[in-house]
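Keep the view open as you read.

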Amino acid sequence: MQSWPAVEIPQLPGRGPALRLYDSADRQVRPTTPGDTATMYVCGITPYDATHLGHAATYLTFDLVYRVWVDNGHQVHYVQNITDVDDPLFERANRDGVDWRELGAREIQLFREDMAALRVLPPRDYVAATDAIAEVVELVEKLLASGAAYVVDDPEFPDVYYRADATPQFGYESGCDRETMMRLFAECGGDPGRPGKADPLDALLWRAARPDEPSWPSPFGPGRPGWHVECSAISLDRLGFGFDIQGGGSDLIFPHHEFSAAHAECATGERRFARHYVHAGMIGWDGRKMSKSRGNLVLVSRLREQGVDPSAIRLGLLAGHYRSDRFWSDDVLAEANARLARWRSAAALPAGPDAADLVGRLREYLADDLDTPRALAAVDGWSADALEYGGHDPSSPAAVAAAVDALLGVSL
């Protein structure tokens, strides 16, 4: 699957401190410890609707991770999937009277355009679930052979399920108790009431073929992948076990990330799927949770159609810390537009205050669990001084623009 064009990242002099991030499993901020090539898997979209600001906030979070790693001298192997075969896609296609493949292709292309406009660095591997069927089948075969998976006793629909108790460490990533797991499982696409399951919490690995649904052949019958195993199989194939970051929105911690890690851990006999589990907070609209059911999604493409500068969208989302649940509003956008205008005015001056201290602080704040509010405040301070007092360094406006571009992804 084709991703989207990459923007060039300016090279800054020197190096910043090592990146430290909050780990959802350990419940603390820890240093990331990549080798020469840093590795990251971030869950992608199910392409049945356009990119909203919640999506954008998540992918901007991991764009910052990517940029900090590059600034620290690492190559980055970034993998992202696309869940291009799933119930929500079929439901939306049926509602709109279009082929599910056509709907998926249209929304994937719109997502690419939104990511390119936001200057999000693209993944090296952009992998559709439908292009990873062989990897999924191989992983499900391993889990069946080990006894970690089973086929339900249903001659019509012999679905394959993963045993939630197949690894002793299950639950370490989310820290949820069983009651919470059951609630989230039911809310997020699980099927606790499916007859024939050994445990209501067991997760679907392979959905046996149903009428009017796409299916692929397998040794355990025609069907299609479950949600969680798709990410297990793709990440194991592209990155191997024990990569640096598994990332996504905080709504994926359970069940999706817990199960995708458990599938891989069970298949390999290893203990910890990723070195870091990193999750971005949710974005609401004007004081309320943003959701399709409420019809209050703020779409990136709609903002772009209205003439909103994508750099202002970035700044509006980066004004809050990535881990916090926060709200978008007209006021947030107005403040972002005003901030962008001030920064661009300062960067256009013939000279300005010394830039070295600002670049150092940007690196320091971003290395400290992506502290974008402090990073933006630092650029605000430099810009205010430049606009009010000027400066004697003709190289500083360009140096600041390069640093803001390289580290924050904002074009001045």
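**Salt bridges, sheets and a buried glycine**

Arg323 and Asp369 form a salt bridge, with 2.8 Å between the closest N and O atoms. A salt bridge here is a side-chain nitrogen of Lys or Arg within 4 Å of a carboxyl oxygen of Asp or Glu. This is a predicted model: local features need pLDDT of at least 70, side-chain atom pairs count only at pLDDT 80 or more, and totals for chains, interfaces and linings use all residues. Residues are numbered from 1 along each chain as its sequence is written, and side-chain values use heavy atoms, with hydrogens and water left out.

Q: How many residues apart are Arg323 and Asp369?
A: Arg323 lies in the loop between helix H9 (310-318) and strand E14 (326-328). Asp369 lies in the loop between helix H11 (356-367) and helix H12 (372-389). Helices (H or I, at least four residues) and strands (E, at least two) are DSSP runs, numbered from the N terminus. The pair links distant parts of the chain, 46 residues apart.

Q: Is Asp369 buried or exposed?
A: Buried means under 20% relative accessible area, exposed over 50%, and partly exposed in between (1.4 Å probe, protein chains only). Arg323, at 36%, counts as partly exposed. Asp369 has a relative accessible area of 3%, so Asp369 is buried.

Q: What separates Asp357 and Arg361 in helix H11?
A: Their side chains meet in a salt bridge of 3.0 Å, N to O. Asp357 is partly exposed at 47%, and Arg361 is partly exposed at 26%. The two are 4 residues apart in helix H11, so the separation is about one helical turn.

Q: Which residues are linked with Asp23 in a network of salt bridges?
A: Asp23 is buried, with a relative accessible area of 0%. Its side chain meets that of Arg30 in a salt bridge of 3.2 Å, N to O. The network links Asp23 with Asp26, Arg30 and Arg272.

Q: How many of the 6 residues of strand E3 are buried?
A: E3 (residues 37-42) pairs in the parallel sense with strand E4 (residues 75-82) over 6 bridges. E3 also runs parallel to strand E10 (residues 243-249), joined by 3 bridges. The rest of the structure largely encloses E3, because the buried count is 5 of the 6.

Q: Where is Gly284, and which residues is Gly284 in contact with, leaving aside neighbours within four places in sequence?
A: Gly284 sits in strand E12 (residues 283-285). Gly284 is buried, at 4% relative accessible area. Contact means heavy atoms within 4.5 Å. Beyond those neighbours, the contacts of Gly284 are Lys289, Met290, Arg326, Phe327 and Trp328.

Key. Two strands pair if DSSP finds at least two bridges between them.
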